[in-house]
Amino acid sequence: MTVVIEARHLSKRAGRATLLDGASLTVAEGEMVAIIGPNGAGKSTLLRLLSGDLRPSAGEVRLMQRDIGSFTPRELAARRAMLSQHINVTFPFTVEEVVLMGAGERSLRDAAPLVDAALDEVGLAHFRERQLPTLSGGEQQRAHFARVLVQLACGEAEHGPGLLLLDEPTSSLDLRHQIDLVEAARRRAAAGTAVIAILHDLNLAIRFADRLVVLAGGKLAADGPRAEIVTRETIRDIFEIDAVVHQDGGGVPFVLPQSMRAAPHLSLRER
């Protein structure tokens, strides 16, 4: 499989604080990877480094075999698309105008089919003329996801399978639209896109990805198939939660919320 993104010994410091410490991973075409871990583990920092929005204090990121810092902003936008965790739009753009922004310099005539398809996919075609600030938080999140899908489609039409990065994309969504977004991402992966998402809902992460990357304390604690990563021991060590891990008929793990209990506090020596 062709490698899309590779991180080598990435570290990021802010003053005396180490936000990320020596993380390495490789993601190939068609892979779906979920990054999980407690608050402050370095997940968003890692994703921003992978996107090129942040420069590492040490290590390197290679996108499609090139140092990510060698791309111009336009070249980078054509090869990776990112849905950020917090996006504030206060100007009265319509939903359609926001989604069209994903097409960059493409003409409205060329971009219109992509915009229509993205709006249909996120269920906002009937809101296309609404001003974005008048929508609910979840509806705005779906509009921005549609914009990112248009950006991705434009780039992949020219350069082939790209990279889709999602930073807590379901945080404002109801259950139905969480599943819809996950399935939309899976369709992109099936077509060859490398997809990486930060998710806090462990069961949703399991549904989303075949491979889980676990961060804790700024370090990569585990990386592997979901059946190997989602164990009672890992959940206790990383999240300080005692939980019972079940498996469905296909061997896919899941955790029932009612089984979760805060684990007794462990000292660093005991972990």
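Reply: Let's start at Pro 92, which sits in the loop between β6 and α3. Before going on: this is a predicted model, where local features need pLDDT of at least 70, side-chain atom pairs count only at pLDDT 80 or more, and totals for chains, interfaces and linings use all residues. Residues are numbered from 1 along each chain as its sequence is written, and side-chain values use heavy atoms, with hydrogens and water left out. As for the labels, helices (H or I, at least four residues) and strands (E, at least two) are DSSP runs numbered from the N terminus.

Setting aside residues up to four places away in sequence, Pro 92 touches Glu 97, Gln 131 and Pro 133; contact here means heavy atoms within 4.5 Å. Glu 31 is another story: it is 61 residues from Pro 92 in sequence, and 37 Å away in space, C-alpha to C-alpha.

Thr 94 is in this loop too, between β6 (80–83) and α3 (95–100). With a relative accessible area of 14%, Thr 94 counts as buried, because buried means under 20%, while exposed means over 50% and partly exposed is in between (1.4 Å probe, protein chains only). Who are its partners? Neighbours within four places aside, Thr 94 is in contact with Arg 128, Glu 129, Arg 130, Gln 131 and Leu 132.

Now for the helix. α6 runs over residues 175–190, so 16 residues, and spans 23 Å from first C-alpha to last, close to the expected 22 Å; that expectation is 1.5 Å times one less than the number of residues. Its buried residues are Gln 178, Leu 181, Val 182, Ala 184, Ala 185, Arg 188 and Ala 189. They lie on the same side of α6 because they cover an arc of only 155 degrees around the axis, taking directions from the helix axis to the C-beta atoms. Over on the other side, Leu 175, Arg 176 and Ala 190 are exposed.

What do the buried residues of α6 pack against? Their partners are β3 (32–36), α4 (108–122), α5 (137–159), β7 (163–167), β8 (194–198) and α7 (202–208).

Finally, the ends. At the start of α6, a side-chain oxygen of Asp 174 comes to within 3.3 Å of the backbone nitrogen of Arg 176. Just past α6, Gly 192 has a positive phi of about 115 degrees.

Key: Polar contact = N/O pair within 3.5 Å; in protein donor to acceptor, adjacent residues only side chain to side chain.
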